[in-house]
Amino acid sequence: MKMVFLGPPGAGKGTIAVRAKEFFNIPHISTGDLFRSNIKNETQLGLKVKEILASGGLVPDSVTIEMVKNRIAEPDCKNGFILDGFPRTIPQADALAEMTDIDAVVNFVVPMEEVVKRLSGRRMCPSTGRLYHIVFNPPKVEGKDDETGEDLIQRPDDKEDAIVHRLEVYESQTKPLIDYYRKKGLIKEIDASVKPSDVFERLKAAL
Ligand code: AP5
C-alpha cells in the first residue's frame with residue numbers, strides 16, 4: 001500500500017502514521033522529520049533548510065523532490081510506504097506521479113481552531129521524536145519523555161508567528177492538492193477531530 005497523508009499542520013498525520021506503519025508494516029516517511037534530522041546532524045542540507053523550517057516556509061521543490069525520490073527507492077519501500085508531508089505543492093505531486101503510482105491519499109480534516117490548539121501544545125522528545133501534547137497527551141512527568149527522561153522541546157515552528165505562516169502556506173499551496181487528488185479518484189476524507197485511537201479506526205475503515 002502506497003499512501004499519502006494530507007492535511008493541515010497539526011492535523012495529527014504524524015501521530016496516526018506511527019500506528020499505521022506498525023499495522024500495515026510499511027515505513028513512515030515524514031519529510032519534516034527528514035529535514036529535522038538533517039538539521040540536528042548539521043548536514044549541508046540541514047544548514048540550508050534550518051531557517052526555512054523555523055519560519056514555517058516551504059523548502060524548495062527541487063530539494064524536497066530529490067530527497068523523497070532517493071528515500072522511496074530504498075529497499076524497505078518496495079511493499080509500500082506512508083508519505084507524511086509530501087507532496088505539499090502541485091509540482092511535488094506531479095513529480096511523485098512520475099516516480100510511482102499511489103493507492104490512496106488520506107485527507108485529515110480538522111477545524112483550524114483545533115489545529116492551532118494542537119500545534120501550540122505539542123511537545124517532542126529531541127532524540128526519538130516521540131510526540132506529546134500538554135493537554136491531550138501529556139507525559140507522565142511534566143516536561144520529560146516517558147522513556148528516556150529527556151527534557152521535552154517545543155519545535156521552533158510551533159511558535160505563534162510560524163504557526164500563522166504555516167497555515168497560510170497550507171491554504172495557498174497545499175490545500176489545492178485535495179482537488180488534484182479528488183479528480184484522480186484517490187482521496188479518502190476522514191474526520192480527524194476525534195481522539196487518536198478513533199482517528200486510526202476511521203483510517204482503517206476508509207482504506
Ligand atoms: P512537517 O513536520 O511535515 O509539519 P506539518 O505538516 O506542519 O505537520 P506537523 O508535523 O506539524 O503536524 P501533524 O499533522 O503531523 O500533527 P502531529 O501528529 O504532530 O513539516 C515541517 C516543515 O518542514 C514545513 O513547514 C516545511 O518547512 C518543511 N517541509 C516538510 N515537508 C515539505 C515539503 N513536502 N515541501 C517543502 N517543505 C517541506 O500532532 C500535532 C499535535 O496534536 C501533537 O501534540 C499531538 O499529540 C496532538 N494530536 C494529534 N492527534 C490528535 C488527536 N486526534 N486529538 C488530540 N490531539 C492530537
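Good morning. I begin in strand β3, where the bridge partner of Ile-29 is Leu-83. Strands here are DSSP runs of E with at least two residues, and helices are DSSP runs of H or I with at least four, both numbered from the N terminus.

Please note that this is a predicted model, in which local features need pLDDT of at least 70 and side-chain atom pairs count only at pLDDT 80 or more, while totals for chains, interfaces and linings use all residues. Residues are numbered from 1 along each chain as its sequence is written, and side-chain values use heavy atoms, with hydrogens and water left out.

Let us stay with β3. Strand β2, residues 28-30, pairs with β3 in the parallel sense over three bridges; two strands pair if DSSP finds at least two bridges between them. Strand β1, residues 2-6, also pairs with β3 in the parallel sense, over four bridges. There, Val-4 stands opposite Leu-83. Within β3, residues 81-84, Phe-81 and Leu-83 point one way and Ile-82 and Asp-84 the other, and all are buried. Buried means under 20% relative accessible area, exposed over 50%, and partly exposed in between, with a 1.4 Å probe and protein chains only.

I turn now to helix α7, residues 160-174. This helix has 15 residues and reaches 20 Å from its first C-alpha to its last, close to the expected 21 Å; the expected span is 1.5 Å times one less than the number of residues. Which residues of α7 are buried? They are Ala-162, Ile-163, Arg-166, Leu-167, Val-169, Tyr-170 and Thr-174. These residues lie on the same side of α7 because they cover an arc of only 160° around the axis, taken from the directions from the helix axis to the C-beta atoms. As a general point, an α-helix has 3.6 residues a turn, so residues three or four places apart point the same way. The face of α7 turned away from the buried side carries the exposed residues Glu-160, Asp-161 and Ser-172.

Finally, the aromatic rings. Rings of Phe, Tyr and Trp (its six-membered ring) pair if their centres lie within 6.5 Å; planes under 30 degrees apart count as stacked, over 60 as edge-to-face and the rest as tilted. By this rule there are four aromatic pairs. In one of them, the centres of Phe-23 and Phe-200 are 5.8 Å apart and the planes stand at 85°, so the pair is edge-to-face. This pair links Phe-23 in helix α1 with Phe-200 in helix α9, 177 residues apart. Phe-200 is buried at 8% relative accessibility, whereas Phe-23 is partly exposed at 49%. Ring pairs link Phe-23, Phe-24 and Phe-200 into a cluster.

Thank you.
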